[in-house]
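We'll look at how some of its side chains meet.

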Amino acid sequence: RQRQMCIRDSPLPQQTTTAKVYSNNGHLQTLYLGKKKGNQYRIYDRAEKRNAKKQGWSSGECTRVERVQRGQSIKPLELKKMPNPFLGLSFVDLPQSPPLGKQNEYVWPLFCDSVQQRTLPVALKLLPASTKRKEFRSWLSQHPKPWWDPDAIWDHWPKVLDDAKFLDVSYWDK
């Protein structure tokens, strides 16, 4: 999908142990959710990456979401049956005003500032686990961004494999 990621498009993984952010002039450019040697989401501005490498990009702003899954053994012919790796991630709205009745008036702006500085998963971890963390995560998960639809994205996976001829054994013999 062609769009620029901003702080209001906050990624919310089901679980994250590590989040690493790279930005340029205050603009988010790359976000890693998960450890480098483990399973990880990579979310980055494709246009910025191409332009930084002097490769040119004329298609406008583009945010790419990649999923790296390590320690799995999948045979090439089973790739079409691979489970959707994007189901564990959603993008949620972070509105200016707090959820009604959820906290004191100063807590929500502090939380939003923490999200901007640290990422949503890390900001959630700073909240008390027994109360606010579950409450905020639950409320945020009820406000997904409509443009993020992992099922619709994954529906294209078999066609991508077919178009690439990756599973066509006769193509390998050439």
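What follows covers aromatic rings and then charged side chains.

Keep in mind that this is a predicted model. Searching the whole structure turns up ten aromatic pairs. Take Phe86 and Trp154: their ring centres are 6.2 Å apart and their planes sit at 65°, so this pair counts as edge-to-face. The two come from distant parts of the chain, 68 residues apart, with Phe86 in the loop between strands S5 and S6 and Trp154 in helix H5. Both Phe86 and Trp154 are buried. They also belong to one aromatic cluster, together with Phe91, Trp147, Trp148 and Trp157.

Now hop over to helix H2, where Trp108 and Phe111 lie three residues apart, about one turn of the helix. Their rings make a tilted pair, 5.5 Å centre to centre with 35° between the planes. Trp108 and Phe111 are buried too.

On to the charges. Five salt bridges show up across the whole structure. In one of them, Arg42 meets Glu66, with the closest N and O atoms 3.6 Å apart. That bridge links distant parts of the chain, since Arg42 is in strand S4 and Glu66 in strand S5. Glu66 also has a salt bridge to Arg64, at 3.9 Å. Arg42 has 26% relative accessibility, so it counts as partly exposed, and Glu66 is partly exposed at 22%.

For a last stop, look at helix H6, which holds Lys159 and Asp163 four residues apart. Their side chains form a salt bridge of 2.8 Å, N to O, and both residues are exposed.

Terms used:
Residues numbered from 1 in each chain as written. Predicted model: local features only at pLDDT ≥ 70, side-chain atom pairs only at ≥ 80, totals over all residues. Heavy atoms only, no water. Phe/Tyr/Trp six-rings, centres within 6.5 Å; stacked < 30°, edge-to-face > 60°. Buried < 20%, exposed > 50% of the residue type's maximum accessible area, 1.4 Å probe, protein only. Salt bridge = Lys/Arg side-chain N within 4 Å of Asp/Glu carboxyl O.
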